[in-house]
Amino acid sequence: MGENIQLQEDPRFQVHPMMSPADREGRAFVHYTAWKETYTGLMPEGILAAHTLERCRERAEKCGLDGNFVVLDRENGDRVAGFATVYPRARDFVSVPDAGEIGALYVLREYQGLGLGRMLMEHCLACLHRPRAALFVLEGNERAIGFYKHMGFRLTGQVVEQQIAGAAITELEMVLERE
């Protein structure tokens, strides 16, 4: 009597390290598009105008493979639907000690609400081997702040102001305690 073996299908979405030229191009497209979708009305127009697809391509080419992840839509030709960047050691201006940092996490609007942000975040957190994870979120980006709070992050009260393309933006620091 033979057993009936069921093959499990691959999930539609898959997170993996950014490796191929297609991954880098997809990351650039998501970076460019997600900024336009998310930051229009939250960020000065001069900054958005300076955030071109070409600049996003240059950034994708310059960033190393380590710590950069993409989420692929397997049912749509392995289209990059989102990406994240993680730093094993947080940058010097992070206020919390002994932290890693989520440097970026973007998902195209058409893919939001499907759990891809959570998938990317969980993947990043699994790569961090420190008791805390920090990130920065644009002031006024309530949807992202809510998502990060839902993931266990809290606002620290630390504010970072930057000048980009002749305009100022304010980012809020958030931290996740993992001890």
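# Reading a predicted model, step by step

From the N terminus on, the elements of the protein run β-α-α-α-β-β-β-α-β-α-β-β, and the coordinates come from a predicted model.

Q: How many helices and strands does the secondary structure of the protein come to?
A: The count is five helices and seven strands.

Q: What makes the radius of gyration of the protein agree with that of a compact globule?
A: For 179 residues a compact globule would have a radius of gyration near 16 Å, and the protein has 17 Å, so the two values agree. Taken along the principal axes, the C-alpha atoms fill a box of roughly 70 × 40 × 30 Å.

Q: Among contacts between residues at least 6 apart in sequence, what percentage joins residues at least 24 apart?
A: The figure is 67%, where a contact means heavy atoms within 4.5 Å.

Q: Why is strand S2 called largely enclosed by the rest of the structure?
A: Strand S2 covers residues 68–73, and six of its six residues are buried, so the strand is largely enclosed by the rest of the structure. Asn68, Val70 and Leu72 point one way from S2, while Phe69, Val71 and Asp73 point the other way, and all of these are buried.

Q: How do you know that S2 pairs with strand S1 and with strand S3?
A: Two strands pair if there are at least two bridges between them. Strand S1 (residues 13–17) and S2 have five bridges in the antiparallel sense, and S2 and strand S3 (residues 79–87) have six, also in the antiparallel sense, so both pairs meet the cut-off of at least two bridges. Val70 has a place in both pairings, being the bridge partner of His16 and standing opposite Phe83 in S3.

Q: What is particular about phi at Gly77 and Asp78?
A: In the hairpin of S2 and S3, which has five residues between the strands, Gly77 takes a positive phi near 65°. Asp78 has its place in the loop between S2 and S3, and its phi is near 60°, a positive value in a residue other than glycine.

Q: Why is Asp78 called partly exposed?
A: The relative accessibility of Asp78 is 36%, so this residue counts as partly exposed, the class between under 20% and over 50%.

Q: Where is Asp98 found, and why does this residue count as partly exposed?
A: Asp98 is found in the loop between S3 and strand S4 (99–107). Its relative accessibility is 40%, and therefore Asp98 counts as partly exposed. Phi of Asp98 is near 50°, a positive value in a residue other than glycine.

Q: How do you know that the span of helix H1 is close to the expected one?
A: Helix H1 (residues 21–39) has 19 residues and reaches 27 Å from its first C-alpha to its last, which is close to the 27 Å expected at 1.5 Å a residue. The buried residues of H1 include Arg24, Ala28, Val30, Trp35 and Tyr39. H1 is followed by Gly41, whose phi is positive, near 90°.

Q: Why is Leu116 called buried, and which residues does Leu116 touch?
A: The relative accessibility of Leu116, in helix H4 (residues 116–127), is 1%, so this residue counts as buried. Leaving aside residues up to four places away in sequence, Leu116 touches Phe13, Val71, Ala81, Val107 and Tyr111. Leu116 and Gly64, by contrast, are 52 residues apart in sequence and 22 Å apart in space, C-alpha to C-alpha.

Q: How many disulfides does the structure hold, and how do the distances of Cys56 and Cys124 stand against the cut-off?
A: The structure holds zero disulfides. Cys56 is in no disulfide, as the nearest cysteine sulfur, that of Cys63, is 11 Å away, and Cys124 is in no disulfide either, with the sulfur of Cys127 nearest at 6.5 Å; a disulfide needs cysteine sulfur atoms within 2.5 Å.

Q: Why are Cys56 and Cys124 called buried?
A: Cys56 has 1% relative accessibility and so counts as buried, and Cys124, at 0%, therefore counts as buried too.

Key
Residues numbered from 1 in each chain as written. Predicted model: local features only at pLDDT ≥ 70, side-chain atom pairs only at ≥ 80, totals over all residues. Heavy atoms only, no water. Buried < 20%, exposed > 50% of the residue type's maximum accessible area, 1.4 Å probe, protein only. Helix = DSSP H or I, 4+ residues; strand = E, 2+ residues; numbered from the N terminus. Expected span 1.5 Å × (residues − 1). Rg over C-alpha atoms; globule rule 2.2 N^0.38 Å.
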